[in-house]
Structures are given as C-alpha cells and as structure tokens.
Amino acid sequence: MRKPASVWIFIYGALAVMFVYNLLPFFWMVISSFKSEMEATLFPATLLPDVFTTEAYEKMWLQEGFLLYFKNSLIVSLSTAVLSSLVGIFAGYGFSRFRFRGRLTLMTLFLATQMIPGVLLVGPYFKMLTIFNMYDTLSGLILAQTSITLPFSVWMIKGYMDTVPIEIDQAAEVDGASRLQTMFLCIVPLVLPGLVATMIFAFLLSWGDLLWALCLISDPNKQTMTLGVTQLVGQFRVFWSEIMAATVIASVIPATLYLLLQRYLVQGFTEAAVKE
Amino acid sequence: MRDNYKGYLFILPAFLMLVLILGFPAVAAVLQSFNLMWVSKPAFTVGAYQALAQDPEFLRSLLNTVLFVTVVVSSHLAIGLGVALLLNMDIRFKWLWRVVAILPWTMPDVIGGLVWRFMFDTLPGIVNSLLLRTGLSTEPIDWLGRPDLAFAAVMLAESWRGYPYAMLILLAGLQAIPRQQYEAAELDGCSAFQKFLYVTMPNLKHMFIIALVLDTIWESRLFGMVYSMTGGGPGYSTQILTLLSYKQYFQFFNISYGAAMAVVLATVLFFISLPYLRMSMRQRI
C-alpha cells in the first residue's frame, strides 16, 4: 500500500523524536564521563567537553576498587545465568515433554512466583543466610538471584522446547536413549540459541539488581557493580564525572549484550511472555 | 509415552529451589508480620497492621506508589504503542530504529536513577542548562529538591527507562495480526484511522492486558531507581512502598512492621496478577 509523502514525513519525524528522547540520557552520561572534574560542575553545563579527558575512568578503575566490583558482578551474574539455565533445562523439559497431573497448576505456580515483590522475601532470606552462616557471601547472593530468575528461565526454555517436534523424542526412544540422554543429546543442541537468550536474560536481571546485594552484602570487597556505584554518591561530595564514568561501565555490558543478541532475545522474550 | 510420572523428577530441582528460597521466606514474612517467627516470645498480634493504618508515612507511600504506577504504566503503554506502530511500518533501517527503541530498557534501573539525578541536578545538570541556554528559564530550578517536581522527575525517568518492555509485547501483538484483515478492511473502504480502530485495537486487546499486568507488577516492585535518584526524598515525597519497607526492615529494624508492609504490597500484586494467571491456567499464554 502506498502512503503520501506527508505521512512519511510524519513517520520519520516521530522516529526522530523517539531517537532523541531515547538517546539523550545516554549522550549526557557518556559526554559527562569524559569531562574533567572541574568542567562537570560548571553551570550552565557544556554540551560537549571542552577538553576530552579519561581521568574519571582512570580514577574509577584505580582508586575506587571498581575492578573488584566488576569482577564480583561478573561472578554473580554468570553463576546466576548458568545455574538458572541448568535447573531450567530440566524443568523446561519436564513441562514440555510430559503430561502429568497438576502440570498446568505447577506451571502457573512457577509464573506466580514472579509476582512476589523482592522486599517481601529479602528480609527472611537474610535471616536464613545468617542462620546458615552464609550472610555476606557471594554464594548466598547467587542462590537468591538464581531463584528469582529461575521461573522466567523455565518458561522461556519450555517455550523453545515446545517448538521442537515430539517425533525427535520418539525416534530417540526407539533407538534406546534414556530421557536424560534424549534431553541433553537431542533437544538441548536444537534449542541452543534459545538457551543462550535465556542465559543472557538471567544475566541481565542479576546484573541490574540492587535490592538483594544491598541487603545481603556488607563487606566492601564483595560489593557488586550496582551497589558500588550507589555507595559512591553517598560517600563524599558528588563527583559527577566519576560517577558517570562508573555508570557507563555498568551499562556497557548490558547494552552490548542486548544489541548483539537482540533478535534472539526479543523473539525468546516475547515467546515466553506471550503466546497466542 | 507411558513414563509421564518422570515429569515430576525433572521439575523437582526447580521446585525445591523455589520452595526453599521463595516459598519459605514468603511464608516467614507473613508470620513475621504477625510477630510469630524469629522473636523471643512469639505471640499472635495484628499490631503491625493496625499501626500501618494510622501511619501517615505509610499511607503517603501507598498513595505515592499508586500514583507512580498509574502514571508510569499509562505512559509506557501510550509511548510503547506509538513506537510499536512506527516500528511495524515499512521503514528504512528498521534494525537501527529497533535497537535505539530498546536501548533505555538495557540500562539497569539503579544506573538510570543516577543518570537522571545528574540530568536534573540544580547546577551542572543538563535540564537546567538547556533551559537557561534556550532562554526558557533565567534561574536554575531545584528539580529534586521540591516535592512536586521531584515526584514528576522520578516518574519521567521511569517512563523513559521502562517503556520498551511494553513496546516489545505490543509489537509482537502487531506482528501477529493477519494481513488479510487489513486487506479486507481496505476493500470495505476503511480509512487508516478506521483500520486502526476496528482491526488493530481488537486484535491487540489480549497483548494489551498482558503488557498492562506485567508492567504494573514490574513498576510496583521498582526499587533501585528511586533509591538512587532521590532515596525517597525530599521528605516522603517520592517514597514508595518498596523503599519504605526496606528502610523499616533493614535500617530501623522494625521487622514485623516492614514485613507487614511487604505483605500488603504482595497481596495487592497478587490480585492484580490474577487475570494473567487465569490466562495461564487456560493455556492462553
């Protein structure tokens, strides 16, 4: 169908507005991180740095222990992604391939756990960790985040496995494969892209978390990226160029992951959340 | 196949984890709110809930949460629908527009809170600087220092950050509408607006409800952005329930009080999510 030129002008105009609206905060963040400490306090602010400098980044990495925070965040988020996908593969396969009593109820129950607000859980969970001597450990944090990302992972993985024809399982059974063999050797390789998308989603949820890290970690050496950045603001006079450098670092990984895998992610995400 | 009972075994590890790490704490929180767990002398009392009903700070936070979620979710659906409609057209460089459209959502909410806090900063912030440079304002406005403006600023920031989520769901819905329906409408002589009204909207209803429910739950649970942007201030003006519950529990150690607040929030969210859960039981998602 052909549209008149005026309609196209409106469409691209609207897209341009969206472009500016979406990117302005990113622009401001990146620009400010390359300003000197002095220049970041000027009013009115310069829209582009008079002098490009990476001093904020150098300070961030070398002085504020951000290398450590970065490492901690990587450990926590990667473990969460791997663990919740691993457990999720089993449950996803169970929901996709078996027809047992209470299957729908259980699936809905899994879905319902996602509606529980974190503030309800984090207090008692904190108490549990102190009882088991796991307060202030990364493993305690990983365990918590895995359970939060798990229901979503199960639903996503189940959705991907549903797209694999059941005949493959039947053929494997005829060949004498056990259920476990079928799952790992036949089904998992076929849903690998979906599995990657699931892992990335879990990784991102975990990477962006503040609440759980705030309540479960007190040792400065075990802080995650998000926790470290927020502590920076409260500590002393606000050095915005440094903080913006820190926020750039904390946003780079999620943004890159989304952009690299956006097709898989969007597809998998919408399949899990909405299925006609 | 005859080994359907094995399904339980496959689900068991996930089930146990959820019971232990989500189920148990949820029950414990309810018990704590009634002063029945992890206290020296357990005694059933609804004192925490009675106190809640008379606590102006709690009532203010409740009102703030309702207002915040209403405004933010409506704006997400409105902006999300607009951008989804744009992205569903035959535009050039589609992938580029799509990438840009998703970008705000990739920013963790804590980080978003910090960036917007700096944008609204009284002196070196970009908002005041732009207002001054364009001559719209002659003196800097204390955005985050004034209660009404601070609340609006936080809502604006979260409207920006969260809308791609609703957009993605609506876009998936738009792409699922069969082309034949539009062609039939054209044959009947429908205008573009009529097509939107009579073909797009009815087809999108299902997705709209899903986006509405899921986004409402996400936004009600929001914590990091408000924590890092205003910390609930000035005064209680931007205080939302999650933040207040966290403060009561972890900063003032009013355990049963903080737990009771979280229970109230969880109960409300449960009822909001009922339509979504019902869809799941009917296998419509």
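Of the 276 residues in chain A, 47% are buried. The model is predicted. Chain A has 13 helices and zero strands. Read from the N terminus, its elements run α-α-α-α-α-α-α-α-α-α-α-α-α. Along the principal axes, the C-alpha atoms of chain A fill a box of roughly 75 × 70 × 30 Å. Sequence separation comes next. Take the contacts in chain A between residues at least 6 apart in sequence: 78% of them join residues at least 24 apart.

One residue shows this at close hand. A:Ile157 lies in helix α6 of chain A, which spans residues 138–162. A:Ile157 counts as buried because it has 31 C-beta neighbours inside 10 Å, and the cut-off for a buried residue is 20 or more. Which residues does A:Ile157 contact, leaving aside its neighbours within four places in sequence? They are A:Gly88, A:Ile89, A:Gly92, A:Gly194, A:Leu195 and A:Thr198.

Now turn to the interface. In chain A, 81 residues are in contact with 84 residues of chain B. Helix α1 of chain A, residues 5–33, supplies the largest share of the side of chain A that touches chain B: twelve residues. By class, that side of chain A has 59 nonpolar, 17 polar and five charged residues.

Two packed helices are described by the angle between their axes and the distance between the axes. Here the pair is helix α3 of chain B, residues 56–87, and helix α9 of chain B, residues 192–220. Their axes come within 9 Å and cross at roughly 135°. The crossing of α3(B) and α9(B) is right-handed.

Which residues meet where α3(B) and α9(B) are in contact? From α3(B) come B:Thr65, B:Val69, B:Val72, B:Val73, B:His76 and B:Leu77. From α9(B) come B:Ala211, B:Leu212, B:Asp215, B:Thr216, B:Glu219 and B:Ser220. By class, the contact of α3(B) with α9(B) has six nonpolar, four polar and two charged residues.

How values were computed: Residues numbered from 1 in each chain as written. Chains lettered and ligands numbered in written order. Predicted model: local features only at pLDDT ≥ 70, side-chain atom pairs only at ≥ 80, totals over all residues. Contact = placed C-beta atoms within 7 Å. Helix = DSSP H or I, 4+ residues; strand = E, 2+ residues; numbered from the N terminus. Nonpolar A, V, L, I, M, F, W, Y, C, P; charged D, E, K, R; others polar. Axes fitted to C-alpha atoms, helices over the stretch in contact; angles between N-to-C directions. Left-handed = near helix turned anticlockwise from the far one by under 90°. Buried ≥ 20, exposed ≤ 12 C-beta atoms within 10 Å, placed from the backbone.
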